[in-house]
Amino acid sequence: MTTGRARGRWIAVALGLAAATAIRPAAQKVLDVASHDMRGMVLKVDAPHRTVVVSHDAVPGVMPAMTMPFDVREVRELDGLVPGAIVSFSLVVGKDSSHIEHVRVIRYQSVEQDPLTARRLRMLQQMTNPTAKALVVGQDVPDFTLTDQRHMRVSLSQFTGKVVAINFIYTSCVLPQFCYRLANHFGVVQKRFKERMGRDLALLTVTFDPARDTPERLAEYAGQWSADPVSWRFLTGSVADVRRVCGLFGVDSFPDEGLINHSTRTAVIDRRGRIAASIEGNEYTAAQLGDLVEAVLRR
Amino acid sequence: MMRFVRYRRWGLVVAVLSLAAVSRVFSQRQTPAAQADTIAFRIIVVESEDAARRLLERLMNGENFVAVAKTESVDPSATNAGLVGPMPVADLRPQIRSVLERLRVGELSEIVRLPTGFGILKIVPDSETTNNTASSSNSNSVMTSFTSALAGTGSVKYVYDLSGYAETVLSLRQVTLSAEDGRNLATLCRVRKQLLTSTQTLVKDALASVSATSPMAPIDRAQTYVMQGQLHSFRGDMASAIASLEQARQIAVARVPDLRLQLDEALGIAHLHKAEMDNGVYQHPDDRCLLSGTPGHPFAKTADLARAIQYFSRYLAERPDDFEVRWLLNLSHMFAGTYPNGVPRAQLIPPGAFASGEDVGRFNDVAARAGLNSVSLSGGLIVDDFDGDGRLDIVTSSIDSCAPLRFFHRNDDGTFSDRASQAGLSDQLGGLNILQTDYNNDGHLDILVLRGGWETAQRKSLLRNNGDGTFTDVTAASGLATVMTGTQAAVWTDIDNDGWLDLFVGNENGPAQLFHNKRDGTFEDIAGKAAVDRRGFNKGVAAADYDNDGWPDLYVSNLGGSNFLYRNNHDGTFTELARGSGVPGPGQGFPTWFFDYDNDGLEDLFVGSFVTSVDEVARDYLHVPRSGNTLKLYRNLGDGSFQDTTRQAGLDKVLMVMGANFGDIDNDGFLDIYLGTGNPSYASLVGSRLLHNKGGQTFVDVTASSGTGDLHKGHGVAFADLDQDGDEEIVFEVGGATPGDAHALRLFENPGHGNDWIALKLVGVKTNRAAIGARIAVTVEGARGRRLIHRTVNSGGSFGASPLLQHIGLGAGARAVDVEIWWPTSNTRQRFSNVGKNQFIEITEFAQTTKALSRAQLPLGARR
């Protein structure tokens, strides 16, 4: 899917027409306005032009999931928006123009037991032994070195000039909606950017369970997606090294009876080694991640 | 014919039937897919329901499934045009199973919700699966715990954890101790106590500051109260825990509605636990602790049970298909005396679900009468004769870093007395597991204490038996103190057949250790050289000569991932062969052992799975499809490989097994199994199980009829004839991970059954003195004709140590009992004909004759 602004406009116009014709009789009284509640991932924020590019979910019966630029009328609608943020908003489609309003960042707040426990334990950790804050969008990522599935030492700095997406998992994870889903997202991204993998884009999957996740085990795990060992590195290391890297990205992990309560985080690092986007949780799609990666590749 | 193949795309291990069986499935159109053993299908997964709907339309309009799968599916099977299987239907996610059930070959399924998106499936004709099977069957099986979006294991509902254990472990892990302090058990105890107090204070302070106008998000405010509730639960202060959880619930009701249901569940569990504590079932366990499905003795105080029932009922009104809460509701009614009639029909787990398949007699708990007044947390257990007086003593340990070893010396009467301090054992604090050995071949049994399991790296203790009723801590001098690890798994075995016992230790947080016995009281870790240092979360280790080549091999049970089978190369090195030999384990392995369950002279293998789900256990009882990894029984085929006979043997059960062991409860010559269960959560009340081995074929659940189904947290298990009347009692260390879950030790006395027996004490001369690894073959003429019974000298399973003295059931009317012993170090055999039955006999390596041991019956319980 292209994110070209021109094409986006075209889609918006098409959408306006489609929306206008699809409106139910009750709404036809106000022929020129339709409103749709939408949700999506922010890819790019352009405050001077009062636009935001969003990879949005499907609006059933109206439009499929796609990437589109949206205008806002008030620039403050864009406050607090950063790439990777999941937002909800209303799309107002007028006769000649459209805009979005009521933009709200949806914080990841799962009430599933495992993320909830991780969140609770993080609060306790902060009380007993406060840890450094995670990097935020725009900050430089300090270099780190870990070991990949082929026992090669891998440093973040070797990918300077390329876009890097990074996520965090452990292979003994028993809940596929978390680690497996995230790793599978990378599998989809790998397929989508087949031509650019390694050349322009690298994927890093870091385990927070170095005691069990040896390079051999990671290689086996990677095999599920036929991961290209050069462009998709599965990384492990010493407990201290892994902990430091997880800390940079705000990934918490708490061993619990052979399982691990953990937070869930995916980040995209730009060509200059800065955090371009950081996504908490598992409530986004591989397509959105791909769109985000593409947006960062285009910078 | 079963065989293992690897399904290429997933790395999932699947035991599949051969193609012939698959064809049979497809030729019988009427066979619902879920009843067939294996199935192959194609699947397309897309990321939104909307996209799936549009896709389904395209497919219905004739678009090619294979082409669409290749281009649009986000499942890894896309590279294989969406083809999955053939694989066991039972291994699939329930949503997929139920869709396949109604689907015929070639039809498109409805849309299925999956962790990665929304799927559309199509069963494929067997002609399309040929390539897949052919290409995958070349490689050997792979068992991993990798949870794909399609596998059933990914849909298990894990138990709600109310115990405060996660909070405590987090606190413990944040302390960095110096190596010296780490080795000092008293320091560990002190630090731990301080930590728990300071954590309580911190949370209290945090709450004091949030109750004002703090900017904390409502969910986090609620969670801070949950945290406080957890910490109160840890100590067993359930009234305070309930108060905190109620605060959390109020916030949820007002501000985070999605959180409320979970807090109803938590409050139900808290009230249930409070009811149990207030009614004294932890301190004074009796029939009220037993899962039997019959109205037992109801609790006297029932107010908290009524509250628990309220919360569980409210929960079930919104989520009627939650089997964990349904289970807890039924339990609450059992405790209240209102089961089964008081349980709403829709939520009833009928009494019949608990009925035993047969009756092996009723066991009674005589622990209190025998003076075994041990109320403790989870821990290890050894039953053996430590003072050489011919009577079996009992040693227990506790995960509590401040709790000393207990050494229950067997008195002349039917009682035991704790002699830990006289024996010099009272400064041995903590220890999740303990084992006996005779590492210095002096004829006195020594003790190994394993610490740090589930928690942090700690020291082990090797306690040398001085032969005068005392022990000396020789850990440092022996070289076992070099590296501290978190462990609860070890096995003593003579890996190089030099007559001295070596020690293999499985660790949770680092490579395993293989301590080679240097015959001078010291050990050297040769795990790296020996190639037995693969990493895994080791929860059980076992040793046996599974290939009958005269050298002991090793097995490691891992929580998460494949197990390891290390074949002894006879040169100090080992080769790992688990997958190729067909013993990858359940993926969530815990206790394990080798035993010859079918008496064919080959060591078979048992692995308990630790799936911490009450939901799954309840489903098992109700015969509702479930998804967790089952226990594993592997039958040794004698050619270096094993066959998975779990299902045929009736062991395809999902349980949270911890302590476990085997013995022969009815002296029929076949080894039975007792499984302790649970995890730290106070909701994990699923009951221990006694499984009777029927002729080496199947295991029949006799839990209810035997009265051995204690609901509480089962750790060390030993089978031992404590009253020397010719049948084995079950000694059972019960207690959870937290002070609020401490429980009394249980001693289930065998009611007897009239079958014959023989008990053999083996003494090695060239072979290690304790005779560990010696093989026994008993030939007996009896009611069922002539047969062979095989045993190997060891202490049994990996969590709980039975006596090294081998108690062997001979069945009814045994005649002409012949005994053959094979000694590993000397590689010699002794044969004794017409050995008298129903007696204790000592056999020394190279001796020409056996020696009868005088062992009078010693009834258990205080003399009246």
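User: Is Asn667(B) buried or exposed?
Analyst: Quick note before the count: this is a predicted model, where local features need pLDDT of at least 70, side-chain atom pairs count only at pLDDT 80 or more, and totals for chains, interfaces and linings use all residues. Residues are numbered from 1 along each chain as its sequence is written, with chains lettered from A and ligands numbered from 1 in the order in which they are written. A residue is buried if 20 or more other C-beta atoms lie within 10 Å of its own, exposed if 12 or fewer, and partly exposed in between, with C-beta atoms placed from the backbone. Asn667(B) has 25 other C-beta atoms within 10 Å, so it is buried.

User: And where is Asn667(B) found?
Analyst: Strands (E, at least two residues) and helices (H or I, at least four) are DSSP runs, numbered from the N terminus. Asn667(B), which has a positive phi of about 55° although it is not a glycine, is in chain B, in the loop between strand E29 (657–663) and strand E30 (672–677).

User: Is His151(A) buried or exposed?
Analyst: His151(A) isn't a glycine either, yet it has a positive phi of about 70°. Its place is in the loop between strand E6 (145–147) and strand E7 (153–155) of chain A. Inside 10 Å there are 11 C-beta neighbours, so His151(A) counts as exposed.

User: Which element of chain B holds Pro86(B)?
Analyst: Gly85(B) is joined to Pro86(B) by a cis peptide bond, with omega near 5°. Pro86(B) sits in strand E4 (residues 83–88).

User: What is omega for the cis peptide bond between Tyr339(B) and Pro340(B)?
Analyst: Pro340(B) lies in a chain B loop, between helix H13 (323–336) and strand E7 (364–365). For the cis bond from Tyr339(B), omega is about 0°.
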